[in-house]
Amino acid sequence: MDLADLGPAIGSVVLVLVISSFHWQAAFFMLAAFNLFINIPMFIFLTRNTPEEHPGVSKDELAFIRHSDYEKEEKITGNKNFAQDYRFWLVWLGMLVNSFLFFGISIWLPTYLIEAKGFEQEGMSSITSLSWLFALGFVLACGFLADKTNRLSLMATILFSMTALFLTLAVFIPNPILAGVCMGLAMGCQGGVFHLSNMLIVKYSTPKTAGRAAGLLGFANIMGGFSSYIMGWLRDLSDGDFSTSIAMLIFASLLGVSAYVFTIKKESTELHENYLPIQKTKGPDSKTL
């Protein structure tokens, strides 16, 4: 599971405090210091290119890792390339929509709260931080449920549907706080989809092809970043009204639903096929001690 969403949740509050206490340049100096004294040393001293290079990996752990990699490659994909699996491209489309929604909401949320809902700086900071905490919560919940159910595509479909619902509620709810919370929940849902998308890419690729699969997924992530520009353009065309921009995000959410819904049936079939051999092995009268 991923705790990366905790950083922005804390960071948005810290940055507002730094800017209000000093000036906007101080925030840039602080972020630069984090990179120099935290991020770069962690990459140098903690990361390795392969498990064999890490001194903390024992021989037994290494054997288990390599054996698991071999079994996964033989069992799941065989000689079939991930690019030949239509589900990979549906996940790719879902990731593109996911990035479009996540960047669009997260980048424009502070402006939306201030200009459209009349929040003060402190209230905007609180809702923004809460939105990142929602994303963290959805990531943790999706990681837990994915292990329990193995229904990643179904979960992604539900999260895209919830995103469309929360965005619609944000438009029609008159209460500014509830509307802001709905926007935060929509953003949180997409944090969960991002986590599920990465898990599905691992599922549809092998250790030898994971780099190429992740690269294609990263391209979709970059393309989704253009959503902030499109939302700003629609906002300007509407004389500062966000309704058109949010309507576009709702349409994108429905597109995400349509992408993942086509993978649910095959996911269910595979889960059923994997479950039956276990039942046959145990037998109807077997008992677990």
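Because the model is predicted, local features were considered where pLDDT is at least 70 and side-chain atom pairs where pLDDT is 80 or more, while totals for chains, interfaces and linings use all residues. Residues are numbered from 1 along each chain as its sequence is written, and side-chain values use heavy atoms, with hydrogens and water left out.

The protein chain contains 11 helices and zero strands, where helices (H or I, at least four residues) and strands (E, at least two) are DSSP runs numbered from the N terminus. Read along the sequence, the pattern is accordingly α-α-α-α-α-α-α-α-α-α-α. Of the 289 residues in the protein chain, 38% are buried; here buried means under 20% relative accessible area, exposed means over 50%, and partly exposed lies in between, with a 1.4 Å probe and protein chains only.

Helix α5 comprises the 29 residues 121-149, and helix α6 comprises the 21 residues 152-172. The expected span of a helix is taken as 1.5 Å times one less than its number of residues. For α5 this gives 42 Å, and the end C-alpha atoms are 42 Å apart, which agrees.

The buried residues of α6 are Leu152, Ser153, Met155, Ala156, Thr157, Leu159, Phe160, Thr163, Ala164, Phe166, Leu167 and Ala170. The spacing of such positions can be read against the geometry of the helix in general: an α-helix has 3.6 residues a turn, so residues three or four places apart point the same way. Within α6, Thr157 is buried, with a relative accessible area of 9%. A polar atom of the Thr157 side chain lies 2.9 Å from the backbone oxygen of Ser153, a polar contact being a pair of N or O atoms within 3.5 Å in which, within protein, one must be able to donate a hydrogen and the other to accept it, and for which residues adjacent in sequence count only if both atoms are side-chain atoms.

The axes of α6 and of helix α7 (residues 176-204) come within 8 Å and cross at roughly 160 degrees, the axes being lines fitted to C-alpha atoms, for helices over the stretch in contact, and the angles running from 0 to 180 degrees between N-to-C directions. That angle makes α6 roughly antiparallel to α7, since angles under 35 degrees count as roughly parallel, over 145 as roughly antiparallel, 65 to 115 as roughly perpendicular and the rest as oblique. The crossing of the two helices is left-handed, a term used if the near helix is turned anticlockwise from the far one by less than a right angle, with right-handed used if clockwise. By class, the contact of α6 with α7 has 21 nonpolar, four polar and no charged residues, where Ala, Val, Leu, Ile, Met, Phe, Trp, Tyr, Cys and Pro count as nonpolar, Asp, Glu, Lys and Arg as charged, and the others, Gly among them, as polar. In α7, Ala186 is buried at a relative accessible area of 0%, and its C-alpha atom is separated by 4.5 Å from that of Thr163, 23 residues away along the chain.

Other pairs of residues bring together separate parts of the sequence. Phe119, placed in the loop between α4 (86-116) and α5, counts as buried at 13% relative accessibility; Phe119 and Ile177 are 58 residues apart in sequence, with a C-alpha to C-alpha distance of 8.7 Å. Phe251, which lies in helix α10, counts as exposed at 57% relative accessibility, and its C-alpha atom is 10.0 Å from that of Val97, at a sequence separation of 154 residues.

Towards helix α9 (residues 227-237), Ser228 is found within the helix and is buried, with a relative accessible area of 19%. The Ser228 side chain reaches the backbone oxygen of Gly225 at 3.2 Å. In the loop between α9 and α10 (243-261) is Asp239, whose phi is positive, at about 60 degrees, although this residue is not a glycine. Asp239 counts as exposed, at 74% relative accessibility.
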